[in-house]
Amino acid sequence: MTTPPPALLIAGHGTRDEAGAEAFRDFVRELGRRHPELPVAGGFIELSPPPLGDAVTELVERGVTRFAAVPLMLVSAGHAKGDIPAALSRERDRHPGISYTYGRPLGPHPALLNVLERRLDEVLGSSGRRPADRADVTVLLVGRGSTDPDANAEVHKAARLLWEGRGYAGVETAFVSLAAPDVPVGLDRCVRLGARRIVVLPYFLFTGILPERVRQQTEGWAAAHPEADVRCADVIGPEPELLDLVMERYQEAVRGDLRMNCDSCVYRIALPGFEDKVGMPQQPHFHPDDDGHDHGHHGPHGHHHGGHAHAH
């Protein structure tokens with residue numbers, strides 16, 4: 001008898017924006033339609049239903065005993081490093097007999113860089129622009145922002161990779177929460193560097209509260225600087241490249257071919273100003289819809305990150 005392949009569990013962050021949450025749920029359903037050979041489920045660690053625990057329960061009720069979990073996140077911040085591994089460990093305790101492997105975040109994969117390039121072409125009014133046509137375009141790539149310096153550095157890496165070989169005047173970075181520079185300061189920097197045209201590019205998978213905040217801040221800055229040519233691009237969205245990349249991460253996890261970078265992880269290495277995070281204990285993230293279980297949580301934001309339970 002052939003052993004069935006492990007199921008696929010998609011772990012999302014969550015958003016208070018219903019359109020963004022529904023975009024995630026649609027994405028999970030599309031993955032299931034594309035791969036009928038696999039049980040596919042998805043859940044959130046906070047803010048949106050269904051909670052990740054419900055997604056695991058759904059798989060178990062479908063007879064699944066093995067699954068590979070893929071974090072639907074662009075950077076490896078506290079949620080991917082701590083919350084999701086801790087939540088998965090809790091689910092293993094809740095459902096004796098299950099086993100899982102844990103994949104890595106999506107990161108600045110070449111396929112996603114191509115989608116970002118396409119989003120820039122869309123807002124610039126043409127497709128397939130030659131590099132020479134981009135010489136006066138400066139891009140401001142705006143990430144979510146994190147208290148984890150390693151995660152913020154990954155946004156800078158994405159910006160550099162987006163700039164390489166594509167002919168833009170420059171690709172600068174900013175963040176919409178928790179980290180500096182913010183969007184207005186990032187736009188000011190672009191102008192000081194001599195930008196003639198600026199495109200603000202949200203580094204987000206789906207729409208939501210924070211991408212909308214990026215757009216609002218861009219429009220507010222543009223209104224105060226009418227002399228500047230500033231436009232805002234769209235989020236990555238449920239593109240075929242994203243669907244394929246999730247399956248690539250799934251296959252990596254199933255094969256055990258995981259290449260997560262821990263060289264600058266704040267929970268392993270004492271980085272200046274973050275020394276207190278080394279070796280911090282992990283706790284599952286509290287999800288308000290995850291009823292009937294222990295909701296013990298810690299710290300001012302309801303959870304600790306640390307312990308670094310992901311595979312190496």
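Colleague: What angle do helix α4 and helix α8 make, and how far apart are their axes?

Modeller: Helix α4 (residues 110-124) packs against helix α8 (residues 240-255) at about 165°, and the axes are 9 Å apart. Axes here are lines fitted to C-alpha atoms, for helices over the stretch in contact, with angles from 0 to 180 degrees between N-to-C directions. The helices themselves are DSSP runs (H or I, at least four residues; strands are E, at least two), numbered from the N terminus.

Colleague: Why is α4 called roughly antiparallel to α8?

Modeller: Angles under 35 degrees count as roughly parallel, over 145 as roughly antiparallel, 65 to 115 as roughly perpendicular, and the rest as oblique. The angle is about 165°, so α4 is roughly antiparallel to α8.

Colleague: Which residues make the contact?

Modeller: From α4 come Ala-111, Leu-112, Val-115 and Arg-118, and from α8 Glu-241, Leu-242 and Leu-245. Contact means heavy atoms within 4.5 Å. By class, five of these residues are nonpolar, none polar and two charged. Nonpolar covers Ala, Val, Leu, Ile, Met, Phe, Trp, Tyr, Cys and Pro; charged covers Asp, Glu, Lys and Arg; the others, Gly among them, are polar.

Colleague: What kind of model is this?

Modeller: The model is predicted: local features need pLDDT of at least 70, side-chain atom pairs count only at pLDDT 80 or more, and totals for chains, interfaces and linings use all residues. Residues are numbered from 1 along each chain as its sequence is written, and side-chain values use heavy atoms, leaving out hydrogens and water.

Colleague: What makes Phe-67 and Tyr-100 a stacked pair?

Modeller: Rings of Phe, Tyr and Trp (its six-membered ring) pair if their centres lie within 6.5 Å; planes under 30 degrees apart are stacked, over 60 edge-to-face, and the rest tilted. Phe-67 and Tyr-100 are 5.6 Å centre to centre with 15° between the planes, and therefore count as stacked. Phe-67 is in strand β3 (residues 66-71) and Tyr-100 in strand β4 (residues 99-102), 33 residues apart.

Colleague: Where do Leu-210 and Gln-251 lie?

Modeller: Leu-210 is in helix α7 (residues 209-224), and Gln-251 is in helix α8. Leaving aside neighbours within four places in sequence, Leu-210 is in contact with Arg-144, Val-176, Ser-177 and Phe-204.
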